[in-house]
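Biologist: Could you walk me through this model and tell me what stands behind each label you use?

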Amino acid sequence: MKIHTLVLGDMLNCSYVAENGSQALLIDPSWQMQVIYDLLERRGLTPTAALFTHGHYDHLHGAAKLLKKYGIKGYIEEGDVQMSALPAQLLHIFKGDYKAKLAGLDVEFLHTPGHSRGSVCIKIGLDLFTGDTLFPGACGRADLPGSNPEDLQNSLERLAQLPPETKVYSGHSYGPRDNGQTTIGHEVKTNPFVKLALKNLR
Ligand SMILES: [Zn+2]
């Protein structure tokens, strides 16, 4: 699998294209869709599904058009369906942890609520797409409608149990040098929010 990172839109959202052979999964496609369309065309890729880390508008702004264009479904946890405002017929809705074989890849959705009710981290092998749950050195806001700080602590603690070499691809590129990417091991050692969650819960 090859992962393409696209930092798009005014809020520096990270959209990812996971390429496997001639198939692709689109993670949080939201802004500047033409950039995503061009990448798919250039690489000769057929998208199989879109996967949403959560239902906030900045992660799926233009997604309805994209889902219709390719005739694919958007995978989303049921807790964020309403907030997403995406029509149900374009969605594949699941509840809690969920596994699926998509684009020839074993995809694992870990339900990690806290930033929003339906936030998930998407695990493919040792690659983890964390949306707004975990950033390099930070975590997502827990003061929004549908947020829950305790849930977020539990979710961070859960992520900390993953193998340290797990590569993290977060939902925004807030740090100009890291492109929103880090590893679980680095965050367990250095991220104050992860350290606090581990301290409180152990
Ligand atoms: Zn968000």
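Modeller: What follows is a set of questions about labels, with answers that go back to the definitions. This is a predicted model, in which local features need pLDDT of at least 70 and side-chain atom pairs count only at pLDDT 80 or more, while totals for chains, interfaces and linings use all residues. Residues are numbered from 1 along each chain as its sequence is written, and side-chain values use heavy atoms, with hydrogens and water left out.

Biologist: Happy with that. Why is His172 called buried?

Modeller: Buried means under 20% relative accessible area, exposed over 50%, and partly exposed in between (1.4 Å probe, protein chains only). His172 has a relative accessible area of 2%, so His172 is buried. It lies in the loop between strand S13 (167-170) and strand S14 (181-183); strands (E, at least two residues) and helices (H or I, at least four) are DSSP runs, numbered from the N terminus.

Biologist: What makes the pair of His172 and Asp58 a polar contact?

Modeller: A polar contact is a pair of N or O atoms within 3.5 Å; within protein, one must be able to donate a hydrogen and the other to accept it, and residues adjacent in sequence count only if both atoms are side-chain atoms. The side chains of His172 and Asp58 make such a contact at 3.1 Å. The backbone oxygen of Met11 also lies 2.8 Å from a polar atom of the His172 side chain.

Biologist: And why is Gln32 called partly exposed?

Modeller: Its relative accessibility is 45%, so Gln32 counts as partly exposed. Gln32 sits in the loop between S3 and H1, and a polar atom of its side chain lies 2.6 Å from the backbone nitrogen of Gly9.

Biologist: How do you know that the buried residues of H1 line one face?

Modeller: The buried residues of helix H1 (residues 33-43) are Met33, Ile36, Tyr37, Leu39 and Leu40. Seen down the axis of H1, they fall within an arc of 160°, so they line one face of the helix. The arc is that of the directions from the helix axis to the C-beta atoms. The face turned away from the buried side carries the exposed residues Glu41 and Arg42.

Biologist: What about H6: which of its residues are buried, and why do they count as one face?

Modeller: In helix H6 (residues 192-201), Val194, Ala197 and Leu198 are buried. Their arc down the axis of H6 is within 95°, so they too line one face.

Biologist: What makes one space a cavity and another a pocket?

Modeller: On a 1 Å grid over the protein atoms alone, a cavity is a set of points where a 1.4 Å probe fits but cannot get out; a pocket is an open set with protein on both sides within 12 Å along at least five of seven lines, and lining residues have an atom within 4 Å of a point. Here the count is one cavity of 30 Å³ or more. The lining of the largest cavity includes Leu134, Leu156, Val188 and Val194. The largest pocket holds about 160 Å³ of space, and among its lining residues are Met11, Asp58 and His172. Grid points are joined across faces, edges and corners, and a volume is the space filled by probe spheres set on the points.
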